[in-house]
Amino acid sequence: MTVNQISIFLENKYGKLSDILALLTDQNIRIIAATVADTSEYGILRLIVCEPQRAYKILKDANVSANLTEVLALSLDSNNLAKVMQYFTEAGLSIEYMYCFSLKEKSILILRTNNQEATREVIRRKNLTPIAESDLINL
Amino acid sequence: MQYWQKEIETMPRKELEAFQLERLKETIQAAEQSPFYKKTFSDHQISADQIHSLADLQKLPFTTKDDLRANYPFNMAAIPIRECVRLHSSSGTTGDPTVVLHSAKDLDDWANQVARCMYMVGVRDTDVFQNTSGYGMFTGGLGFQYGAEKLGTLTVPAAAGNSKRQIKFIKDFGTTCLHIIPSYATRLAEVMYEEGVDPRSDTKLHTICIGAEPHSEEQRKRIEQLLGVKAYNCFGMSEMNGPGVAFECTEQNGLHIWEDYTIVEIIDPITLQAVPDGEVGELVLTTISREAMPLLRYRTRDLTCIIKGDCPCGRTHRRLARFQGRSDDMIILKGVNLFPIQVETILMQFKELGNNYLITIDTVSNSDEMLIEVELSDLFTDDYSVLQQLSKDITRQLRDELLLTPRLKLVAKGSLPIQEGKAVRVKDLRKFC
């Protein structure tokens with residue numbers, strides 16, 4: 001259920017986002033999901049890609065400020081989002097950030113909480129459907 | 001403790017001052033031969049026989065950069081031009097150019113001062129010294145070249161720029177010492193790491209001389225750590241030959257100014273009166289060995305103070321404290337006087353930040369604002385709140401230091417212009433007229 005996510009420091013400047021994405025796609029890195037959080041000055045671009053380690057190295061070589069972070073991935077199938085959130089709230093967990101996307105008719109939730117280990121425990125206990133990195137990439 | 005010239009470097013103060021007085025009298029006599037000083041002396045009714053003590057120096061008027069400009073090119077020469085063997089000229093980016101002339105003896109004295117400085121920080125004839133200064137008119141090139149050769153060091157006149165070539169020389173020639181501008185030292189270290197060269201284990205570097213632009217103690221420490229060297233601060237200015245006027249000893253606590261070549265005064269730049277040792281003021285220098293172009297009470301515009309007390313190294317020549325900037329790069333913002341070096345000192349304390357930063361002063365809605373852009377060393381976190389907290393912490397420290405609140409902008413690594421020459425750290429976009 002642990003997936004490597006790449007975070008990239010982005011300045012709020014015209015063309016920055018497309019420059020970074022082109023850097024990866026030019027090297028045949030497939031982008032599975034992307035989200036941008038922003039303030040007025042800068043943003044953090046978060047990416048799930050097919051080969052996170054290689055993508056990370058490409059970015060480093062290009063002198064891009066990037067970070068590799070572990071996040072949790074869940075398939076939402078029969079459970080609805082509100083219910084899943086309720087489980088986490090009951091367990092006293094806070095969401096730092098999350099984003100959803102669909103892949104091959106599955107709804108996938110990417111999640112980072114204030115306590116990843118306790119979150120894993122909730123996922124196991126409540127029989128939620130975790131997604132492994134290999135599954136995500138091969139879907 | 002080893003000295004290049006033990007007798008002079010450790011000369012008791014009384015003897016040193018007597019020596020200075022004799023040299024001063026000779027210098028005033030010699031200076032009178034130049035058209036500029038001839039007129040100045042007659043305007044102020046000054047002659048060498050009025051000088052009975054070093055304090056009498058204060059009877060003389062100051063010499064300024066404007067005087068050098070007004071007397072461009074040869075009106076300050078105290079010997080016939082045919083007896084001069086070298087000329088250095090400033091580029092004149094901030095006004096008309098200036099010229100400094102040298103006789104053969106002047107060049108030899110200059111080389112000796114530089115050799116003395118280098119020997120003081122442990123450079124020996126067994127070392128390989130690479131000079132990354134621009135050559136030509138810039139005195140950091142030939143000044144260090146002649147000094148290092150006088151010392152007997154194998155000297156590599158690599159000159160400025162082309163980092164990959166610099167690194168190749170450092171590796172191939174087994175360079176042990178560098179002369180380098182501090183902003184370029186951090187840049188060169190970055191390029192080494194990018195190239196897979198660890199300067200601490202893959203090179204023989206042990207000592208570097210840094211100068212020519214103000215830098216903070218934090219930046220020095222960072223350079224030392226990045227390159228695995230000891231870094232020593234050097235002070236010089238083209239009007240006073242160039243490098244070699246003052247230099248740190250291995251104590252790294254102040255720069256010994258060679259008082260057998262130069263008389264040092266510190267004055268209040270407003271009242272123009274001398275300030276006591278330990279108090280910050282403008283450095284004023286008088287050459288007492290130069291033949292071709294003596295300068296009397298030259299106002300350097302550099303702000304510093306004399307460090308009180310004896311140096312453990314045993315040298316009796318007094319020490320100048322780390323330069324606090326120049327009276328002309330002072331920024332006046334909202335009635336607050338501040339120096340770029342203050343900003344740098346704060347920024348360098350944060351390991352999350354890189355070496356490159358830019359201060360922009362501009363008028364926004366009729367109010368002068370300071371924007372500080374600084375590069376992150378890398379994205380060390382995935383957490384927004386951590387970045388925002390970092391911004392807040394830096395801003396708070398800057399506010400405490402500067403007494404005003406700048407706008408801080410974290411920017412991505414590599415997004416500010418790369419500084420390979422003398423770094424431009426301040427852009428003042430305000431209109432003053």
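B:R301 sits in strand β12 of chain B, and its phi is near 70°, a positive value in a residue other than glycine. The model is predicted, and the values below are computed from it.

**Backbone geometry**

- Most residues other than glycine have a negative phi, and most peptide bonds are trans.
- B:R301 has a relative accessible area of 35%, so it counts as partly exposed.
- B:N162 also has a positive phi, of about 55°, although it is not a glycine.
- This residue, B:N162, is found in the loop that runs between β4 (154–156) and α7 (163–172) of chain B.
- The peptide bond between B:Y72 and B:P73 is cis, with omega about -5°.
- B:P73 belongs to the loop between α4 (65–70) and β1 (84–89) of chain B.

**The sheet that contains β12**

- Strands of a sheet pair through backbone hydrogen bonds, either parallel or antiparallel.
- In chain B, 3 strands form an open sheet in the order β10-β11-β12, with antiparallel pairing.
- β10 (262–267) and β12 (298–304) of chain B each have a single partner strand, so they form the edges and one side of each has no neighbour in the sheet.
- From one strand to the next, the twist averages 30°.
- The antiparallel pairing of β10(B) with β11 (residues 281–287) of chain B runs over 6 bridges.
- Across from B:I263 stands B:T286 of β11(B).

**The second largest pocket**

- Its volume is about 730 Å³.
- The lining consists of 28 residues, and those nearest the centre are B:T186, B:E190, B:G354, B:N355 and B:K413.
- Two or more lining residues come from each of α8 (182–194), α10 (217–227), β17 (353–364) and β18 (367–376) of chain B.
- α8(B) supplies the largest share of this lining, with 6 residues.
- By class, the lining of the second largest pocket comprises 8 nonpolar, 11 polar and 9 charged residues.
- Domain 1 (1–326) and domain 2 (331–428) of chain B both contribute to the lining of the second largest pocket, so this pocket lies between them.

**Cavities**

- Rolling a probe the size of a water molecule over the atoms shows where empty space is left.
- Searching the whole structure gives 2 cavities of 30 Å³ or more.
- The largest cavity has a volume of about 90 Å³.
- Its lining includes B:D106, B:D109 and B:Q113, along with B:Y261, B:T262 and B:T287.
- Helix α5 (residues 104–120) of chain B gives 3 residues to the lining of the largest cavity, the most of any contributor.
- The lining of the largest cavity has 3 nonpolar, 5 polar and 3 charged residues.
- The second largest cavity holds about 30 Å³ of space.
- B:Y72 and B:P73 are among the residues that line the second largest cavity, and these two are joined by the cis peptide bond.
- Other residues in the lining of the second largest cavity include B:L68, B:N71, B:M76, B:V99 and B:M293.
- In the lining of the second largest cavity, 6 residues are nonpolar, 1 is polar and none is charged.

How values were computed. Residues are numbered from 1 along each chain as its sequence is written. Chains are lettered from A and ligands numbered from 1 in the order in which they are written. This is a predicted model: local features need pLDDT of at least 70, side-chain atom pairs count only at pLDDT 80 or more; totals for chains, interfaces and linings use all residues. Side-chain values use heavy atoms; hydrogens and water are left out. Two strands pair if DSSP finds at least two bridges between them. Helices (H or I, at least four residues) and strands (E, at least two) are DSSP runs, numbered from the N terminus. Axes are lines fitted to C-alpha atoms, for helices over the stretch in contact, and angles run from 0 to 180 degrees between N-to-C directions. On a 1 Å grid over the protein atoms alone, a cavity is a set of points where a 1.4 Å probe fits but cannot get out, and a pocket is an open set with protein on both sides within 12 Å along at least five of seven lines; lining residues have an atom within 4 Å of a point. Grid points are joined across faces, edges and corners, and a volume is the space filled by probe spheres set on the points. Ala, Val, Leu, Ile, Met, Phe, Trp, Tyr, Cys and Pro count as nonpolar, Asp, Glu, Lys and Arg as charged, and the others, Gly among them, as polar. Domain bounds come from an automatic or database domain assignment. Buried means under 20% relative accessible area, exposed over 50%, partly exposed in between (1.4 Å probe, protein chains only).
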